[in-house]
Amino acid sequence: MALFVFNSASKMVSSPLVIVRFLLICVTLLCNSLAEATMNPTPNIVLILTDDLDVSIGGMMPLVKTKKLIGDAGITFTNTFVASPLCCPSRASILTGKYPHNHHVVNNTLEGNCSSTAWQKTQEPETFSAFLQKHGTYQTFFAGKYLNEYGSKKAGGVEHVPPGWDHWFALERNSKYYNYTLSVNGRAQRHGQNYSEDYLTDVLANISIDFLENKSNRRPFFMMVSTPAPHSPWTAAPQYESSFPNVKAPRDPNFNIHGKDKHWLIRQAKTPMTNSSVEFLDNAYRKRWRTLLSVDDLVEKVVRKLEVRGELSNTYIIFTSDNGYHTGQFSLPMDKRQLYEFDIRVPLLVRGPNIKPKQTSPVK
Ligand SMILES: *[C@@H]1O[C@H](CO)[C@@H](O)[C@H](O)[C@H]1NC(C)=O
Ligand SMILES: *[C@@H]1O[C@H](CO)[C@@H](O)[C@H](O)[C@H]1NC(C)=O
Ligand SMILES: *[C@@H]1O[C@H](CO)[C@@H](O)[C@H](O)[C@H]1NC(C)=O
Ligand SMILES: *[C@@H]1O[C@H](CO)[C@@H](O)[C@H](O)[C@H]1NC(C)=O
Ligand SMILES: *[C@@H]1O[C@H](CO)[C@@H](O)[C@H](O)[C@H]1NC(C)=O
Ligand SMILES: *[C@@H]1O[C@H](CO)[C@@H](O)[C@H](O)[C@H]1NC(C)=O
Ligand SMILES: *[C@@H]1O[C@H](CO)[C@@H](O)[C@H](O)[C@H]1NC(C)=O
């Protein structure tokens with residue numbers, strides 16, 4: 001059954017909608033029939049969502065353990081595109097399975113419906129987690145960055161816990177690594193800047209491990225871990241602060257050239273970029289990679305914990321990102337939001353029951 005889902009998925013271009021469709025099919029059909037037909041327990045699902053992780057400019061390179069533990073143990077989709085190359089609209093699509101013109105989250109502000117009261121009223125009751133909780137028998141857990149404006153006073157503050165989540169550890173507002181507030185099931189938990197207590201990627205890893213130890217063993221679980229990395233401000237863990245000293249943004253054929261046949265905005269980019277822009281983007285590129293080393297550790301901790309608990313073979317693990325990134329392509333120093341490969345193409349790795357190891361889709 002799962003194999004069928006992935007065979008048909010592999011024929012199309014995968015998108016967040018594929019992820020959501022997979023989750024829904026799993027809950028409504030597959031899991032129940034699988035459980036009844038084979039007496040296997042209903043599979044668990046872990047979704048690891050990174051922030052601004054590209055696949056076109058080498059973003060997966062530092063994630064050595066992730067590629068081994070998820071991609072090599074299952075399937076790597078190489079044609080995965082997001083519905084919008086911007087955090088909040090893309091996350092809203094991942095959560096609802098809808099395109100932005102249907103969920104109406106148009107940018108990263110409250111006025112643009114990012115975590116707005118209108119979103120809370122019309123869309124949030126229909127996220128896949130709400131369905132998982134309502135129609136499945138899943139225990140649901142969320143940790144990390146939700147929507148950029150989550151926790152805003154005007155939208156209910158951190159007291160607001162969206163429907164569908166039994167265990168809620170969400171970051172107030174946008175990506176940070178230190179000095180942030182988490183909503184712990186609706187109560188503010190303030191964090192400072194002590195590495196061993198507050199570094200957000202590690203806090204998320206620790207909370208996730210805690211959840212795996214605390215949860216009931218009688219019901220399947222859905223766990224979503226949403227890392228702020230590798231989004232700015234790109235603060236590395238102390239042990240990774242000087243990793244990759246010589247790494248630079250790739251000098252691909254589209255690096256630092258004039259995108260003369262591209263749309264208006266891109267044609268305005270100054271070409272060639274100034275040396276200080278190039279230095280800045282190379283530095284950002286290295287810092288992004290350093291933050292990913294902690295994501296790689298998080299993935300390893302979660303996989304190992306599932307393994308020692310004997311739950312790994314019955315758990316789907318999905319690894320992806322909300323949008324890509326660029327550093328110097330067509331002389332755009334750095335950001336996302338453009339309609340080109342580097343910003344819309346994202347990683348998608350999936351392992352789990354009935355998924356054969358070492359597959360790529362499309363087949364190489
Ligand atoms: C925000 O969402 C509401 C409810 O879907 C919609 O009526 C409104 O037009 C949206 N705002 C924008 C700016 O799209
Ligand atoms: C976001 O979208 C809203 C509604 O269209 C608009 O009023 C606002 O200016 C936009 N903000 C940004 C930063 O694009
Ligand atoms: C955290 O906040 C403290 C106190 O406001 C400040 O001194 C420090 O620079 C901040 N650290 C980071 C990493 O933002
Ligand atoms: C950071 O936290 C650790 C563990 O709680 C503690 O031992 C250490 O003293 C703290 N460091 C600072 C500078 O507060
Ligand atoms: C995570 O847990 C480990 C092991 O208990 C601990 O050493 C580390 O300080 C914790 N990190 C954070 C940021 O909480
Ligand atoms: C796990 O249980 C401990 C002890 O009851 C509790 O303090 C902690 O918050 C729980 N963690 C999670 C992630 O549920
Ligand atoms: C910019 O860098 C290039 C290549 O490294 C070098 O040839 C050029 O002299 C530099 N320009 C300035 C103004 O420093």
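Is Glu 213 buried, partly exposed or exposed? In this predicted model, Glu 213 is partly exposed, with a relative accessible area of 43%. Its side chain meets that of Lys 305 in a salt bridge, at 2.4 Å from N to O. The two partners sit in distant parts of the chain: Lys 305 belongs to helix α11 and Glu 213 to helix α9 (residues 200-214), 92 residues apart. Lys 305, for its part, is buried, with a relative accessible area of 18%.

Why look for such pairs? Side chains of opposite charge can pair when their charged atoms come close. Across the whole structure, a search finds 17 salt bridges.

Stay with helix α11 for another of them. Here the side chains of Lys 65 and Asp 297 form a salt bridge of 2.6 Å, N to O. Lys 65 lies in helix α3 and Asp 297 in helix α11 (residues 275-308), so this pair ties together parts that are 232 residues apart in sequence. Asp 297 is buried, with a relative accessible area of 15%, whereas Lys 65 is partly exposed at 26%.

Now turn to Arg 91 and Asp 51, whose side chains meet in a salt bridge of 3.7 Å, N to O. Because Arg 91 lies in helix α4 (residues 87-96) and Asp 51 in the loop between β1 (44-50) and α3 (64-71), the pair ties together parts that are 40 residues apart in sequence. Both Arg 91 and Asp 51 are buried.

Key
Residues are numbered from 1 along each chain as its sequence is written. Chains are lettered from A and ligands numbered from 1 in the order in which they are written. This is a predicted model: local features need pLDDT of at least 70, side-chain atom pairs count only at pLDDT 80 or more; totals for chains, interfaces and linings use all residues. Side-chain values use heavy atoms; hydrogens and water are left out. A salt bridge is a side-chain nitrogen of Lys or Arg within 4 Å of a carboxyl oxygen of Asp or Glu. Helices (H or I, at least four residues) and strands (E, at least two) are DSSP runs, numbered from the N terminus. Buried means under 20% relative accessible area, exposed over 50%, partly exposed in between (1.4 Å probe, protein chains only).
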